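User: Hi! Could you walk me through this one in plain words? I'm new to reading structures.

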Amino acid sequence: MSAETVLTALLPEVLLLAGLLLLIGLEIAVPRHRGAFAVSLLAVAAAAAAAAWLSAGGSSAAPFPGHYSVGPDTFAAKAVVLALAVPVLLLARGEFPGGPFYPLLVSSLLGVCLVVSADSFLTLFLGVELMSIPVYVLVVLAFQREESAEAALKYLVLSGTASATFLLGVSLLYGGSGSLALSAFSTALGSRDVLATAGVVLVLSAFFLKAAVVPFHTWAPDAYEAASVPVTAYMAAVVKAGVLFAVLRLFALAPAERPLVDLLALLPLASMVWGNLAAMRQDGLRRLIAYSSIAHAGYLFYAFLGDGPGRFQAVTFYLLAYGLMNVLVLAALPPAGDDVARDRLERLKGLFQRQPYAAWMIAVAMLSLAGIPPFPGFVAKFLVFKNVVAAGYPVYAVLGLVGSYLGLYFYLRVIQYLFMAPPPPAEEASAAEGEGAPSRLALAATVLCLLPAILIALFPGWVIDRLGG
Amino acid sequence: MTDAQVLLTLAVALFAIGFLGVVVRRHILIMLMCMELMLNGVNLSLVTFAHEQGSPLGAVLVFLIFVVAAAEIAIAIPIALLLVRRKRTVDLYAYTDLKG
């Protein structure tokens with residue numbers, strides 16, 4: 001295979017790597033430089049454009065046979081993830097004028113790209129770790145809150161335990177099949193061998209933990225709350241997407257079989273119900289987003305009950321709709337002097353009177369996350385549940401729908417705060433005082449989320465076709 | 001029991017001790033050590049399987065695990081330091097600002 005084909009197949013990664021090296025070089029050569037934001041934005045946007053272009057061109061190749069391969073669907077997945085990172089970067093400009101934020105974010109994105117194209121457990125493991133290790137540092141980076149270090153440590157220990165569990169599962173699969181190819185997982189799915197089944201269960205529970213599915217979810221609310229806003233957006237949209245793409249690569253086209261189906265249905269179901277119930281009790285927006293993301297991890301894993309080809313489309317579409325809406329909420333959240341105060345739900349009371357645009361954006365995102373019909377979240381949920389019914393599990397589909405309607409309450413409560421509740425007069429002055437208008441970059445980020453969201457709400461079929469499968 | 005079975009039992013035992021330690025103990029350093037113990041259990045099982053099958057792939061993964069474990073600890077220790085400076089203790093029970 002010529003160097004040119006390899007470079008084309010790796011173009012998104014090469015662009016990210018070039019950006020990363022440039023960032024590190026700048027950091028060394030020019031102290032207190034201001035170029036980090038521009039360089040990383042350029043690298044990520046160029047990589048996203050390259051991935052979208054290669055996906056549209058339908059090119060596929062295997063630059064490292066058996067370890068790494070690309071096709072139109074993997075390029076589409078990379079384009080989705082990288083495009084979600086662009087508004088996150090715009091949000092970060094205000095909070096991190098320079099410094100280590102940008103190299104860490106770009107290297108984590110490189111990890112996500114590696115995960116999406118992994119063909120062997122070696123590449124998958126490296127990709128997952130390259131994706132998550134920078135995020136531990138990102139959580140602790142802002143250090144505006146006392147709890148940041150504690151949350152980062154919790155995340156690190158639990159995520160490290162998940163990695164060890166994943167590796168034990170891989171080792172058992174390797175012992176049974178003698179290969180580290182990802183296909184060892186999909187063949188083990190159908191086997192009755194005890195060792196293979198144990199390996200599959202260990203690998204799955206590791207990914208349940210990384211995606212924050214009940215009962216492995218405890219790290220998520222803490223980490224989401226303690227991280228600064230752009231990092232929360234990154235974890236909710238991009239890291240979750242990376243984990244789900246890893247599971248997609250693992251399952252490939254293999255159907256889920258009987259003993260495993262119950263595990264794949266019951267834990268996500270518990271996750272939907274518990275995530276939605278616990279979200280009702282929250283009074284901080286980021287904890288609310290965290291619990292809503294736990295519930296959404298449940299819907300996403302539900303998609304794996306469906307058959308192979310539909311699964312990729314359903315999960316990619318869901319991740320796109322869900323990621324855009326999460327970033328939109330956090331981008332529209334009005335800034336405040338104090339990070340803890342910025343988070344409180346009471347501050348959203350009567351926001352419509354003060355900042356109608358921000359209020360509308362948050363309302364649109366909440367309705368979409370709840371899955372109300374004209375919004376993109378509805379189509380995404382519809383695709384998932386349609387596949388579950390088509391695969392012959394109507395009972396699980398009905399239970400899942402009931403679980404998802406539990407979520408309506410707290411999404412609508414936010415909307416009620418925005419539009420109907422007037423701010424209490426005593427607090428009005430103080431609320432307005434700390435609250436600034438969103439910066440121009442944050443507005444640009446909301447537009448970048450809103451335009452694709454409108455596109456996928458108006459032409460879901462066209463978008464689903466582009467995502468391949 | 002054959003040698004391989006003894007080694008695999010040892011590997012699973014190491015992993016289980018490490019897992020228990022992470023779940024039960026609340027001393028930051030012991031939790032980190034238990035994480036390493038889990039990874040070492042995995043390493044032992046990978047090496048055993050690689051030897052049984054005569055393929056080097058498992059051993060390659062062991063080297064990658066070394067690298068990643070080192071990176072993880074390199075990040076964990078500074079975070080632990082930040083925490084200890086603030087609270088003057090390594091007991092995680094003292095850190096209850098956050099509740100899952």
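This is a predicted model: local features need pLDDT of at least 70, side-chain atom pairs count only at pLDDT 80 or more; totals for chains, interfaces and linings use all residues.

User: How many helices does chain A have?

Analyst: Helices (H or I, at least four residues) and strands (E, at least two) are DSSP runs, numbered from the N terminus. Chain A has two strands, and its helices number 23.

User: Why is chain A called as compact as a globular protein of its length?

Analyst: The radius of gyration is taken over C-alpha atoms, and the globule rule is 2.2 Å times the number of residues to the power 0.38. For 469 residues that rule gives 23 Å, so chain A is as compact as a globular protein of that length because its own value is close to that, at 21 Å.

User: What percentage of the residues in chain A is buried?

Analyst: You count other C-beta atoms (placed from the backbone) within 10 Å of a residue's own: 20 or more is buried, 12 or fewer is exposed, and in between is partly exposed. Of the 469 residues in chain A, the buried ones make up 60%.

User: Is A:Ala212 buried or exposed?

Analyst: A:Ala212 sits in the loop between H9 and H10 of chain A. Its phi is near 60°, a positive value in a residue other than glycine. A:Ala212 has 29 C-beta neighbours inside 10 Å, so it counts as buried.

User: Which residue is joined to A:Pro215 by a cis peptide bond?

Analyst: A:Pro215 is in the loop between helix H9 (194-210) and helix H10 (219-226) of chain A. The omega of the cis bond is about 5°, and the partner of A:Pro215 is A:Val214.

User: Where does A:Ala252 lie?

Analyst: Phi of A:Ala252 is near 50°, a positive value in a residue other than glycine. With 15 other C-beta atoms within 10 Å, A:Ala252 is partly exposed. Its place is the loop between helix H11 (229-251) and helix H12 (258-280) of chain A.

User: How many Å apart are A:Glu27 and A:Pro103 in space?

Analyst: A:Glu27 belongs to helix H2 (residues 11-29) of chain A, and it is partly exposed, with 18 other C-beta atoms within 10 Å. In sequence, A:Glu27 and A:Pro103 are 76 residues apart, but in space, C-alpha to C-alpha, the separation is 9.4 Å.

User: Which helix gives the largest share of the side of chain B that touches chain A?

Analyst: Residues are in contact if their C-beta atoms, placed from the backbone, lie within 7 Å, and the contact takes 31 residues from chain B and 31 residues from chain A. Helix H1 (3-24), helix H2 (28-53) and helix H3 (57-87) of chain B each give two or more residues to chain B's side. The largest share, 15 residues, comes from H3(B).

User: How are H1(B) and H2(B) oriented to each other?

Analyst: Axes are lines fitted to C-alpha atoms, for helices over the stretch in contact, with angles from 0 to 180 degrees between N-to-C directions. The axes of H1(B) and H2(B) come within 7 Å and cross at roughly 160°. Angles under 35 degrees count as roughly parallel, over 145 as roughly antiparallel, 65 to 115 as roughly perpendicular and the rest as oblique. H1(B) and H2(B) are therefore roughly antiparallel.

Conventions
Residues are numbered from 1 along each chain as its sequence is written. Chains are lettered from A and ligands numbered from 1 in the order in which they are written. Two residues are in contact if their C-beta atoms, placed from the backbone, lie within 7 Å.
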